[in-house]
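Student: I have a new structure to read. Can you take me through the terms as they come up?

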Amino acid sequence: MLRLGQVNLLSRVYNAVSVEILCDIQIEDGLGGLIQIDFLLLTARGLVVLDIKEVRGVVFGADKIDEWTVMHQNQRLSFANPQHTLDYRLVAVRKLVRGLPVFGHILFPNEAEFGKGKPKYVILADEFLERYRRPEKLELERLLAAYYPYWEKIKDLSEGASKAVNASLNTLC
């Protein structure tokens, strides 16, 4: 279940960049099991595997640090480095859609600060919106015509694909 902050951030991102979204799906991991994907977006640039971290404050995290910490208003929150599981998710999606661009990000709100630089998959909301901004209609249609068969394949092969949304986020997840 999404928290309100995640819904607001996801809604903003989805409405600005995504054509369709799959939420809370499972696909084959390539090792005989399944891997969960929280959000998979179909965009004009390809597919985007997205994890959302709704935290504010200073984030201390790096590519090779196992536990990240957030400091905000005299409070401290620690969580496992989310990049490791994102790597596994990316491998699984890329295996299903060979040749299609697949990107992965851990999306933080703009209020998150990374004092020592952002780890490789971390992206702030405004940066995400700029990078995946929808192109003009003609270019978008051309790109989506190429990507949509792969999207349909993932929907067909995933468990939970009935949660696909292409209308409004009121029905999301």
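Tutor: Start with a term. Two strands pair if DSSP finds at least two bridges between them. Keep in mind that this is a predicted model.

Student: What makes β4 and β5 a pair, and what joins β4 to β5?

Tutor: 3 bridges join β4 to β5. Pairing needs at least two, so β4 and β5 count as paired. They run antiparallel, and a hairpin joins β4 to β5 through 6 residues. Within this pair, Val59 stands opposite Val70 in β5.

Student: What makes β4 and β8 a pair?

Tutor: 2 bridges join strand β4 (residues 57-60) to β8. The cut-off is at least two, so the pair counts. These strands run parallel. Val58 has Glu113 in β8 as its bridge partner.

Student: How many bridges link β5 and β6, and in which sense do they pair?

Tutor: Strand β5 (residues 67-72) and β6 pair over 6 bridges, in the antiparallel sense. Thr69 faces Ser78 in β6.

Student: What is the strand order of the sheet with β4 in it?

Tutor: The order is β6-β5-β4-β8. The sheet is open, with 4 strands and mixed pairing.

Student: Why is one side of β6 and of β8 left without a neighbour in the sheet?

Tutor: Both β6 (75-80) and β8 (112-113) stand at the edges with a single partner strand each, so one side of each has no neighbour in the sheet.

Student: Which strands form the open sheet of 5 strands?

Tutor: That sheet runs β1-β2-β3-β7-β9, and its pairing is mixed. Its edge strands are β1 (18-28) and β9 (122-124), each pairing on one side only. Neighbouring strands here are turned by 40 degrees against each other on average, direction ignored.

Student: How do you know that β3 and β7 pair?

Tutor: Count the bridges. 6 of them join strand β3 (residues 46-52) to strand β7 (residues 102-108). At least two are needed, so this is a pair. The two strands run parallel. Val49 stands opposite Gly104 in β7.

Student: Which helix packs on this sheet, touching β1, β2 and β3?

Tutor: Helix α4 (residues 137-157) does, and its direction makes about 25 degrees with that of β1. Helix α2 (residues 83-96) lies across β1, β2 (34-43), β3, β7 and β9. Helix α2 runs at about 150 degrees to β7.

Student: How much of the chain is called buried?

Tutor: The share is 46% of the 173 residues. Buried means under 20% relative accessible area. The whole chain comes to 4 helices and 9 strands.

Methods: Residues are numbered from 1 along each chain as its sequence is written. This is a predicted model: local features need pLDDT of at least 70, side-chain atom pairs count only at pLDDT 80 or more; totals for chains, interfaces and linings use all residues. Side-chain values use heavy atoms; hydrogens and water are left out. Buried means under 20% relative accessible area, exposed over 50%, partly exposed in between (1.4 Å probe, protein chains only). Axes are lines fitted to C-alpha atoms, for helices over the stretch in contact, and angles run from 0 to 180 degrees between N-to-C directions. Contact means heavy atoms within 4.5 Å.
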